[in-house]
Amino acid sequence: MAGGDAPGGSRRVHSRHEFRRREVEMSGTVTSADQVEATRSGGQATGAGPRWVVMPIILAAIFMVALDFFIVNVAIPSTQRDLEASPAAIQFIIAGYWLSLATGLIIGGRIGDIYGRRRVFLIGLACFTASSAACGLAPTADFLVAARIAQGWSAALLMPQGLAILGVVYAGAARARAFTAYAVTLGLASVCGQLIGGLLIAADIMNLSWRNCYLVNVPIGVVTFFLTLRFVPESRAGASSKLDFIGTVLVAAGLVALVLPLVEGRERGWPLWTWLMLAASVPVLAAFVRYQSMLLARSGGPLIDVRLFRERAFSVGLIVTMLFNMLMGSFFLFLAIYLQEGQGMTPLESGIIFTPIAAGYFLTSLYAEAVSRRIGRHVLTVGSAVMFIGLSITHLIVSGLGTGGRTSVLVPGFALAGAGMGLVLAPLTNTVLANLDPEYAGAASGVLATSQQVGGAVGVAIVGVIFYNRLGGSSDPGGYPPAFLAGLVWLLGFTILIGMLVQFLPRHRPEVP
């Protein structure tokens, strides 16, 4: 078990000496512990630069990928008009990205472990930049859907490498700070997506309207690509590692069977095939876990090291991560719908209303790691309590606001909700990855990122059923406040579950070797 639950650390999956040995094996250019440290400080590895510059390069790419979840929601109305897209095509513009990303993260992470994390990061970044350009220049809705799926696959290569590179380049307190910065970046991309999308559409640069929401990635991607070549060091698992083909097929099939019905079910009225796929996902994913255990017993190089799940910090942390993303993903989506359809706001106006959430999130996330070192897991308890208070205030105000009222009265509740999110996300990421093994850094990062995407899909599916059932198919603005309030009740339930589950985490996070 993690932390102080195993006397002398004897029951930990990997000892400090094992971490050092794994790090020595990271790359063919690193052959001693001293050289590992030199690599971390910008010395021996190919393409290595000063250690401090690695973090902003990686986070720029992560911000771009995370932003594409939320920025596209703003662009959907003008995209539908311009391309004369059907409702099914519009749905897949969003779902195609989500599905291809969620199902590819674990595989992408392990590919980076084996073939080189910087190399796979660069391939993913180049493909993401090219597919973003394809999205921005799409002549038809079908072309845009295909480009969005390519974007998701590219992001699945890129995203786990970013977190794995941070976990390998930095150590100890520096690693904790890097993971905190990663979590802050994800949260800010989520909160600011609506505002940035509204600004880009309102600016209408070169009369490109919604296309700017995709094309903005191109210059960022190009600059980040060349900075990565220059400054980010290479790392990989042991030379004997190889990709587990059968595990790859099983995990991809299981995640498609799980995620596709969640992102498509409500829109299509939950037909029989959605329930059959959801049911089939359970035995397929169970077969994947059994096969990974068998490979591990035979030293056959599994896709993920299932011993990670024996760590209470990792297994319970993944469940809390899923719940947190169920809350955050559904809250942001249905808040945007409520503000635009129920309060008649433009995308830019509704994006501005998100600013107090971003401010609260950013402020508390700066101090969350320091607070975590003092009070351990209870920083997550405090964060969930602050989220509960913020969402409760929002529920109270929305219930009396109706339509056409002064939405500025929502600011206090939004700021508190954002502050609570900031106290949860950064320490939670550090807790899950505290015992990160460099050999499986990419795969472990892929598991974490997958839990985030699956959590978001589950949350949108659950709260979407509540929201649209309460709305009842009406387009009357007066129907949106009650529908949003019905969804908020479930979000309040999610915060209570988060607060309860974090009590099962180790009292204090184990020291990162």
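Helices are DSSP runs of H or I of at least four residues, numbered from the N terminus. The model is a predicted one, in which local features need pLDDT of at least 70 and side-chain atom pairs count only at pLDDT 80 or more, while totals for chains, interfaces and linings use all residues. Residues are numbered from 1 along each chain as its sequence is written, and side-chain values use heavy atoms, with hydrogens and water left out.

Me: Where is E84 found, and is E84 buried or exposed?
Reply: E84 has a positive phi of about 50°, although E84 is not a glycine. Because its relative accessible area is 72%, E84 counts as exposed (over 50%; buried is under 20%, partly exposed in between, with a 1.4 Å probe and protein chains only).

Me: What is the relative accessible area of M206?
Reply: M206 is not a glycine, and yet M206 has a positive phi of about 55°. The loop that holds M206 runs between helix 7 (172-203) and helix 8 (212-215). M206 is exposed, because its relative accessible area is 70%.

Me: Which helix gives the largest share of the lining of the largest pocket?
Reply: The largest pocket holds about 1,400 Å³ of space, and of the 49 residues that line this pocket, the closest to its centre are N73, I94, L333, I337 and Y468. A pocket is an open set of points on a 1 Å grid where a 1.4 Å probe fits, with protein on both sides within 12 Å along at least five of seven lines, and lining residues have an atom within 4 Å of a point. Among the elements that give two or more residues to the lining are helix 3, helix 4, helix 6 (141-169) and helix 7. The largest share, 10 residues, comes from helix 12.

Me: How many of the residues lining the largest pocket are charged?
Reply: The lining of the largest pocket includes 29 nonpolar residues and 15 polar ones. The charged residues in this lining number 5.

Me: How many nonpolar residues line the second largest pocket?
Reply: The second largest pocket contains about 410 Å³ of space, and of its 18 lining residues, the closest to the centre are I106, F309, L318, V447 and T450. Helix 10, helix 11 (272-297), helix 12 and helix 17 each supply at least two residues of this lining. The lining has 3 polar residues and no charged ones, and its nonpolar residues number 15.

How values were computed:
Points joined across faces, edges and corners; volume = space filled by probe spheres on them. Nonpolar A, V, L, I, M, F, W, Y, C, P; charged D, E, K, R; others polar.
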